[in-house]
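The stops below are given in the order in which they may be selected.

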Amino acid sequence: MKKILLLLLATGFMWQAQGQKRGDDPVRTDGQCWKTIASGGFCTVAIKEDGTLWGWGSNMSNPLGNQPEVVDAPVQIGTDNNWAAISVGNSHTVALKTDGTLWAWGRNDSGQVGNGEYSINPVTEPLQIGTDNDWTFICAGAGLGSAAIKADGTLWTWGFVNTGESLIIEEEGGDVTTLFITVPTQMGTDTNWKYVDVGHNHTAAIKTDGTLWTWGLNYHGELGQGNTIDVYTPVQAGTDSDWKIVRANNVMTAAIKEDGTLWTWGENTGGSLGSGVTTAYQTNIPVQVGSDADWEYIDLGMNYFCGAIKEDGSLWTWGSNIDGANGHVETEYLGTPTIIASETLWSEYVGGGSFSVALKADGTLLTWGSNWYDQLGFNIEEDTVVNPTVVDTCAVTASLNDNTLTALSVYPNPTSGILNLANADTLNVENITITDMSGKTVFNQKGNTTKIDVQHLPQGMYFLTITTGNNSTNLKFIKE
């Protein structure tokens, strides 16, 4: 009964598992540092520095591709090594390759894969969606929809859309037509979208001018419009024009402004709004969390918990602690952001159903929380693990031209303009990629160079991937 309740809380509902039965573990190989992570209700998919794709946890409806029904430790998905960004939704996965192509797989009963079909039979292998190669940002929704942004700033959505996650047609007389949008379909005509996040029943997005826009169901005030009225096309939330990152789950929304302040709104369950109150209440406008102005990145778990990273690399969590999801021992609820450990080495955090996954700056992967479907990647029997626990450490051993990639460094760091590569003179650098804290590729350059112009990037923390032949390494820098 406990597992069934968690399933309903985390994802609303799910089809009966369509994947393979659990059998012998697939062959695993020793890897390199982890680059970026994404979690759904009961699984995680991640990309390593070498561009390979890996996953673990529940594989119901095949969000992990053609793997057993349960994968208890990281296993490679396919053989391609040019993955750039990843997003996991309600049992479906959306990904970008370094060439800008869009790929998806997994549950597709509502067209959320975007291949022009909808079926109770999932897509079991990564499938290219269309032929365009100018995709720059992706989001697999916590519900049954997906969204993506192209290089020209246009916003595209697809999937089950009666909840406002995607495109809804409002007919004359006010009737709303429910559609399965089975291929990426442009939403409106605006060409200045830069960030989008799809929750369970609502969507939030930011334009290049820093304005915040929301649409979908609004029962909990999660649209931040000052009311609880549902809307089916993007409507600006407030008048501020300095929003940087926004996240949505099933009952709330959270965002960070350019000045580093943190804001939340919607339903407060177990302290998820971070206001210091753990009893249930709602707010339908953005409310600042505390007074700190050094927040860098945030993500929301599906079961009413949140995690955020500050500029100094410290990790803070709050909200419900179902099965140890927020990583604090013997704490049922946390009403305010609380540091997860004294370390300041965290680079990325994602919240799943009732579990958390995080990366340290050196590429080490840690997980904690519920492990009922082996979503922690430990290959252990415990149902829960409260403390952050290492799944895999970073191990880069590649070398080229008698010089190791691990000798590379960047300076000045932080930088406001030109980033220099140190110890790269004897290396044949083939490709340089920069991704932001959300995993979005913001810069890609081919050819040998030791100087990178980053003055066009907004302030924040970034990851620099240097590729030489079949080898690569990942460095972190801060743009002032």
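Begin with strand S9, residues 135–140; helices (H or I, at least four residues) and strands (E, at least two) are DSSP runs, numbered from the N terminus. S9 is mostly covered, with five of its six residues buried; buried means under 20% relative accessible area, exposed over 50%, and partly exposed in between (1.4 Å probe, protein chains only). Within the pairing, Ala-140 has Ser-146 of S10 as its bridge partner.

This is a predicted model, in which local features need pLDDT of at least 70, side-chain atom pairs count only at pLDDT 80 or more, and totals for chains, interfaces and linings use all residues. Residues are numbered from 1 along each chain as its sequence is written, and side-chain values use heavy atoms, with hydrogens and water left out.

Next, select Asp-80, in the loop between strand S4 (70–76) and strand S5 (83–88). Asp-80 counts as partly exposed because its relative accessibility is 33%. Beyond four places in sequence, Asp-80 touches Gly-51, Thr-52, Leu-53 and Lys-97, a contact being heavy atoms within 4.5 Å.

Move to Ser-61, in the loop between strand S3 (53–58) and S4. Its phi is near 70°, a positive value in a residue other than glycine. Ser-61 is buried, at 2% relative accessible area.

Then select the loop between strand S33 (409–411) and strand S34 (418–422), where Pro-412 is found. The peptide bond joining Tyr-411 and Pro-412 is cis, with omega about -15°. Pro-414 is in the loop between S33 and S34 as well, and the bond from Asn-413 to Pro-414 is cis, with omega near 15°.

Finally, colour by pLDDT, the predictor's confidence in each residue, from 0 to 100. The chain averages 84, but pLDDT stays under 50 over residues 1–31 and over residues 395–404. Where pLDDT is low, the predicted coordinates should not be read in detail.

Key. Two strands pair if DSSP finds at least two bridges between them.
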